Amino acid sequence: MENKLLIQLNPGDNVKVKKISAGSCATKRLYEMGFHTGANIEVVKNDTGPIIVSLSGNKIALGRGLAQKIIVNAYI
């Protein structure tokens, strides 16, 4: 497995959250949204504007700044 930032992924990629590298407020916000260590994420859209991911059956739009703070394990 290779570590990548969420912003570097393509639509259809399935990954697990490894770490959130952000300040306390951003980390708390992401944890409340369900982005905790080990959470499974599928990238739905990543072209321009916010990144849309599927997390626990829900689609969530993340700004590109927050998406850069999420480190994931990408399956090769």
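**Close-up views of a predicted model**

View 1. Setting aside residues up to four places away in sequence, F35 touches I20, L30, I41, V53, L55, I60, L62 and I70. F35 also belongs to the largest nonpolar core, which has 21 residues. Within this core, L6, F35, I41 and I70 touch the most other members. Two or more core residues come from each of these elements: β2, β3 (40–45), β4 (51–55), β5, α2 (64–67) and β6.

**View 2. The open six-stranded sheet.** Strand order is β1-β6-β2-β3-β4-β5. Pairing is antiparallel. The edges are taken by β1 (2–5) and β5 (58–62). Each edge strand has a single partner, so one of its sides is left without a neighbour in the sheet. On average, neighbouring strands are turned by 45° against each other, direction ignored.

**View 3. The pairing of β2 with β6.** Strand β2 covers residues 14–20, and strand β6 covers residues 70–74. Five bridges join the two strands in the antiparallel sense. V15 stands opposite A74 in β6.

View 4. Is Y31 buried, partly exposed or exposed? Its relative accessibility is 39%, so Y31 counts as partly exposed. Beyond its neighbours within four places in sequence, Y31 is in contact with I20, H36 and T37. S56 lies 25 residues from Y31 in sequence. In space, the C-alpha atoms of Y31 and S56 are 13 Å apart.

Terms used
Residues are numbered from 1 along each chain as its sequence is written. This is a predicted model: local features need pLDDT of at least 70, side-chain atom pairs count only at pLDDT 80 or more; totals for chains, interfaces and linings use all residues. Side-chain values use heavy atoms; hydrogens and water are left out. Buried means under 20% relative accessible area, exposed over 50%, partly exposed in between (1.4 Å probe, protein chains only). Contact means heavy atoms within 4.5 Å. Two strands pair if DSSP finds at least two bridges between them. Helices (H or I, at least four residues) and strands (E, at least two) are DSSP runs, numbered from the N terminus. Axes are lines fitted to C-alpha atoms, for helices over the stretch in contact, and angles run from 0 to 180 degrees between N-to-C directions. A nonpolar core is a set of buried Ala, Val, Leu, Ile, Met, Phe, Trp, Tyr and Cys residues joined through side-chain atoms within 4.5 Å.
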